[in-house]
Amino acid sequence: MSGPNAPTGNRFSLHKRVLQRLLQRQLLAAIWCAMPYTVAAQAAEIAVLGDGIAQPLAEPGDARRGRALLLSRDPANCVLCHGLNDPAVRFSGNLAPPLDGAGSRLTAAQLRLRVADSSRLNPDTIMPAYFKTEGLREVASSYRGKPVLTPQQVEDLVVYLSTLR
Ligand code: HEC
């Protein structure tokens, strides 16, 4: 037995309607939450607007600390992939564009998002997300659940990268 008057059919379509309405509501909620797109990280909410993060994550950064961090093998290891014309860099990778001139190509907001989470711009990027807590793949267990860098370290890098012109 089937057809519109079959009791099971009615019950089924009622369930379907309720389900559809629930899904619609969830979809609306998801769209609402995505404007502006927010990433829950540590206690703060980080607003990703366009291709940048306009709001600093911490106190103004320090370029000297940023350079030291960028040159460090752990935890940043930026020169594993990026070239950089700096006397302290003896070996660097070529898996990524050189960081020279990054400060003239990109604004502070754009640099902040690229350091925090490049996968927002390119889901297939090999660049690690240095500041996000969720969805990190293949991270060492000591990093699991917490960002690789602190908000202050991200700001230090942003200021240093801005000086690369
Ligand atoms: C495993 C390799 C890898 C590491 C490590 C890495 N990056 Fe990247 N990065 C990339 C690649 C590849 C790109 C190119 C963009 C893409 O993949 O979407 C990129 C892009 C960038 C960009 C944008 C450059 C431009 O001109 O558009 C910046 C800025 C940047 N990285 C900074 C850093 C900093 C700072 C670090 C260290 C904290 C770092 N990266 C570590 C691979 C890496």
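In this predicted model, α4 and α5 are oblique to each other, because they pack at an angle of about 130 degrees. Their axes are 9 Å apart, and α4 passes α5 in a right-handed crossing. Two packed helices are described by the angle between their axes and the distance between the axes. The points below begin with this pair of helices and then turn to the rest of the chain.

**The contact of α4 with α5**

- On the side of α4, the contact is made by Ala108, Leu111, Arg112, Val115 and Ala116, while α5 contributes Val154, Leu157, Val158, Leu161 and Ser162.
- When these residues are sorted by class, the contact of α4 with α5 has 8 nonpolar, 1 polar and 1 charged residues.

**How enclosed α4 is**

- Because 7 of the 10 residues of α4 are buried, this helix is largely enclosed by the rest of the structure.
- The buried residues in α4 are Leu111, Arg112, Leu113, Arg114, Val115, Ala116 and Asp117; among them, Leu111, Arg112, Val115 and Ala116 also take part in the contact with α5.

**The contact of α2 with α5**

- The axes of α2 and α5 cross at roughly 95 degrees and come within 7 Å, and this angle makes α2 roughly perpendicular to α5, since angles of 65 to 115 degrees are counted in that way.
- From α2, the residues that make the contact are Ala63, Arg65, Gly66, Arg67, Leu69 and Leu70, and from α5 they are Gln153, Asp156, Leu157, Val159, Tyr160 and Thr163.
- By class, the contact of α2 with α5 has 6 nonpolar, 3 polar and 3 charged residues.
- Leu157 of α5 is listed in the contact with α2, and Leu157 is also listed in the contact with α4.

**The shell around the ligand**

- The ligand is surrounded by 25 residues, of which the closest are Cys78, Cys81, Ala96, Asn122 and Met127.
- Three helices, α3 (102-105), α4 (108-117) and α5 (151-163), each supply at least two residues of this shell, and the largest share, 3 residues, comes from α4.
- Divided by class, the residues of the shell are 18 nonpolar, 5 polar and 2 charged.

**Two residues in the loop between β2 and α2**

- Pro56 lies in the loop between β2 (44-48) and α2 (63-71), and it is partly exposed, because 17 other C-beta atoms lie within 10 Å, whereas a buried residue would need 20 or more.
- Although Pro56 and Val154 are 98 residues apart along the chain, their C-alpha atoms are separated by 9.0 Å; Val154 is one of the α5 residues in the contact with α4.
- Leu49 lies in the loop between β2 and α2 as well, and with 14 other C-beta atoms within 10 Å it is partly exposed.

**The chain as a whole**

- The secondary structure of the chain comes to 5 helices and 2 strands, which follow the pattern α-β-β-α-α-α-α when read along the sequence.
- Of the 165 residues of the chain, 24% count as buried.
- Among the contacts in the chain with a separation of 6 or more, 55% are accounted for by residues 24 or more positions apart.

Note on methods: Residues are numbered from 1 along each chain as its sequence is written. This is a predicted model: local features need pLDDT of at least 70, side-chain atom pairs count only at pLDDT 80 or more; totals for chains, interfaces and linings use all residues. A residue is near a molecule or strand if its C-beta atom, placed from the backbone, lies within 6 Å of it. Helices (H or I, at least four residues) and strands (E, at least two) are DSSP runs, numbered from the N terminus. Ala, Val, Leu, Ile, Met, Phe, Trp, Tyr, Cys and Pro count as nonpolar, Asp, Glu, Lys and Arg as charged, and the others, Gly among them, as polar. Axes are lines fitted to C-alpha atoms, for helices over the stretch in contact, and angles run from 0 to 180 degrees between N-to-C directions. Angles under 35 degrees count as roughly parallel, over 145 as roughly antiparallel, 65 to 115 as roughly perpendicular and the rest as oblique. A crossing is left-handed if the near helix is turned anticlockwise from the far one by less than a right angle, and right-handed if clockwise. Two residues are in contact if their C-beta atoms, placed from the backbone, lie within 7 Å. A residue is buried if 20 or more other C-beta atoms lie within 10 Å of its own, exposed if 12 or fewer, and partly exposed in between; C-beta atoms are placed from the backbone.
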